[in-house]
Amino acid sequence: MAQTIPTPEATNLATLDLAPIGNCSVSALIDRQGDFVWACAPRIDGDPVFCKLLTDEPESCGGWRVELEGQASSEQAYLRNTPILRTVLTTATGDAVEIIDFAPRARHSGRVYRPVAFVRMVTPLSGAPRIRLRLRPMRDWGAEAAETTVGSNHIRYICADVTFRLTTNAAVSHVAEERLFRLEEPLAFFLGPDEPFVGDVINVCRTMQHETEVYWREWVRTLSIPLDWQDEVIRAAITLKLCAYEETGAIVAAMTTSIPEHADSGRNWDYRYCWLRDAYYVVRALNQLGAADILENYLGFLRNIVDDAAGGHVQPLYGVGMEPALEERIIATLPGYRGMGPVRAGNQAHEHLQHDVYGQVVLSNVQAFFDARLLRPATVDDFHALERVGDRAFEMHDQPDAGLWEFRTIARTHTYSALMCWAACDRLSNAAEVLGLTERAALWRDRAQIVRARIDTEAWNAELGRYAGSFGGRELDASLLQLIDLRFLAPDDPRFTATFEAVERELRRGSSLMRYIDADDFGEPKTAFNFCTFWFIEALHRVGRTEEARVLFDEILAHRTHAGLLSEDLSVADGELWGNYPQTYSLVGLINCAVMLSRPWGSVR
């Protein structure tokens, strides 16, 4: 990841070439110059205290930057196997400054310490560097600067939903007045809760850094990673963990809102919520690496959702505090990424019918009936509660919905939704068998057969000789590749072969795959969906075209940011990343393909 680059003096153009830090409570995105350009508090789906990412006038909006006088270049990399970010700024004459950024995370007294706080350590490396600190938290979606009060050793910033206190060993007036000064000793900055800071700030922050390094390296050490692409998988896994809101177990789809799917598309959505579909794929990918901690926490989140649903409708997404109402609204105070609004908060998809969600709830839970590692194995009572979700899946498997792509004005009986409802019934049968519930196993097996027959009858288009994206339809949809991933069909089944060939022929664009090409609520899609490209790579491998799969995998990896991450979408014209970032879907695909395509460890022993 370490790269030396010229400072972008000539342009203020926003970019997704950003590095996240976090601690499963709060997170931030930092650009290659070490500027905090995005962070929400006190929760990831809250008001942004740093929001430069969504403005076309970055100097007028909130960020946190260390400016080095005469800066000529920057170099940035994570400390090995951690989300602790190191940035080095250098002048043409050799003056250099090191910046260490992280959110504290450590185990204390049998609990995990993960405050709503950021730590920044600034150290002179060479020469006589002169710096200016610009710390400008905002409130009410960039409407105004946070109210500020200055104490003898701290500054208080009153934001919309949180009050931060900056504690530092730097001269407080240097920070408050954004004064240029010579950096002659290490400085520590703790931007955290509005409460007294106990201890010497520089030593306490150094201890926090050490403990945070230890935590993450110990966590990474528990992962069962593939032989090949180890660094790529570790970085993706760490970032997926950062997208977990540990207090409730929720997993957000991305850290950002309103990054357009392509230039001036209007396809600007708020992804800072827990989609049950996305979370299912996240825990499934991390399970392959042995990260059971995230699964267990998420299952607690799901059990609460299932209880609240009481056998009825389950929403596609919820707030990280399990809030069902996520009213979508337009934010007028921010112009948007590169000025490409609108900026949205909330997501209207919480009102949708998306029947695949019942399958994702069941599939996320099923492992708990088989996995002996878990601290809380699933019980017979858990199974009976889950059956209520299965009942709903069986009831809704042939009913129209908005589908996984969340069409706002198009309702169909989507094949993917029906497929997930089939999977719910099929996996409940498996769980019943391991619990010794013979009659329930037979019931769910019979229901799975009924749904299977309906899919084969209604989704198969005999005229075209392939499956379609909806019952009785003709359209192609990349989610049809999940027919083999969910074990509905074998890779060598002629029906899958025909469908796969059609998907490749019509949806492939060079090294990437479109999710679909038909016009939707916003016209025709113009960017490839990265998760679909990974689905395609997996399918290539499963049909025996493994060398092609490896080539395509390396090609999409080349589009990652310098932090080793991907957003939601990729321009097929120039390879630019678009859509919310970092996107959990895309990182899931990276992990799944690396595990699938890697050489076995036994090959080098």
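Colleague: Which residues line the second largest cavity?
Modeller: This is a predicted model: local features need pLDDT of at least 70, side-chain atom pairs count only at pLDDT 80 or more, and totals for chains, interfaces and linings use all residues. Numbering starts from 1 along each chain as its sequence is written, and side-chain values use heavy atoms, with hydrogens and water left out. A cavity is a set of points on a 1 Å grid over the protein atoms alone where a 1.4 Å probe fits but cannot get out, and lining residues have an atom within 4 Å of a point. The residues here are F407, R412, H414, G469, E475, L476, D477, Y516, D518, A519 and D520.

Colleague: What volume does the second largest cavity have?
Modeller: Volume is the space filled by probe spheres set on the grid points, which are joined across faces, edges and corners. For the second largest cavity it comes to about 100 Å³.

Colleague: How many charged residues are in its lining?
Modeller: Ala, Val, Leu, Ile, Met, Phe, Trp, Tyr, Cys and Pro count as nonpolar, Asp, Glu, Lys and Arg as charged, and the others, Gly among them, as polar. The lining of the second largest cavity has 4 nonpolar and 2 polar residues. Its charged residues number 5.

Colleague: Which residues lie nearest the centre of the largest cavity?
Modeller: The search of the whole structure gives 6 cavities of 30 Å³ or more. The largest holds about 320 Å³ of space. Nearest its centre lie W269, Y271, W405, E406 and R515.

Colleague: Which element gives the largest share of the lining of the second largest pocket?
Modeller: A pocket is an open set of points with protein on both sides within 12 Å along at least five of seven lines. This one holds about 480 Å³ of space, and E296, N297, L299, L374 and R376 are the closest to its centre among 24 lining residues. Two elements give two or more residues to that lining, α5 (292–309) and α7 (380–396). The largest share, 9 residues, belongs to α5.

Colleague: How many nonpolar residues does that pocket lining have?
Modeller: The lining of the second largest pocket includes 5 polar and 7 charged residues. Its nonpolar residues number 12.

Colleague: Is α4 roughly parallel or roughly antiparallel to α6?
Modeller: Helices (H or I, at least four residues) and strands (E, at least two) are DSSP runs, numbered from the N terminus. The axes (lines fitted to C-alpha atoms over the stretch in contact, with angles from 0 to 180 degrees between N-to-C directions) of α4 (276–288) and α6 (356–366) come within 9 Å and cross at roughly 30°. Because of that angle, α4 runs roughly parallel to α6.

Colleague: Which residues of α4 and α6 make the contact?
Modeller: Contact means heavy atoms within 4.5 Å. By class, this one has 6 nonpolar, 2 polar and 2 charged residues. From α4 come L276, R277, Y280 and V283, and from α6 come D356, V357, Q360, V361, L363 and S364.

Colleague: At what angle do α6 and α7 pack?
Modeller: In α6, Y358, V361, V362 and N365 meet L386, V389, G390, R392, A393 and M396 of α7. The class count is 7 nonpolar, 2 polar and 1 charged. The axes are 9 Å apart, and the angle is about 145°.

Colleague: Does α3 pass α14 in a left-handed or a right-handed crossing?
Modeller: The axes of α3 (230–242) and α14 (584–597) come within 9 Å and cross at roughly 145°. The contact involves E232, V233, A236, A237, T239 and L240 of α3 and T584, L587, V588, L590, I591 and A594 of α14. A crossing is left-handed if the near helix is turned anticlockwise from the far one by less than a right angle, and right-handed if clockwise. Here the crossing is left-handed.

Colleague: Which residue does a cis peptide bond join to P342?
Modeller: P342 sits in the loop between β25 (329–331) and β26 (343–345). Omega is about 0° for the bond, and the partner is G341.

Colleague: What is omega for the cis bond that joins Y581 and P582?
Modeller: P582 belongs to the loop between β33 (577–578) and α14. Omega for its cis bond with Y581 is about -20°.

Colleague: What is the positive phi of N81?
Modeller: Most residues other than glycine have a negative phi. N81 lies in the loop between β7 (71–78) and β8 (85–91). N81 is not a glycine, yet its phi is about 55°.

Notes
Parallel < 35°, antiparallel > 145°, perpendicular 65-115°, else oblique.
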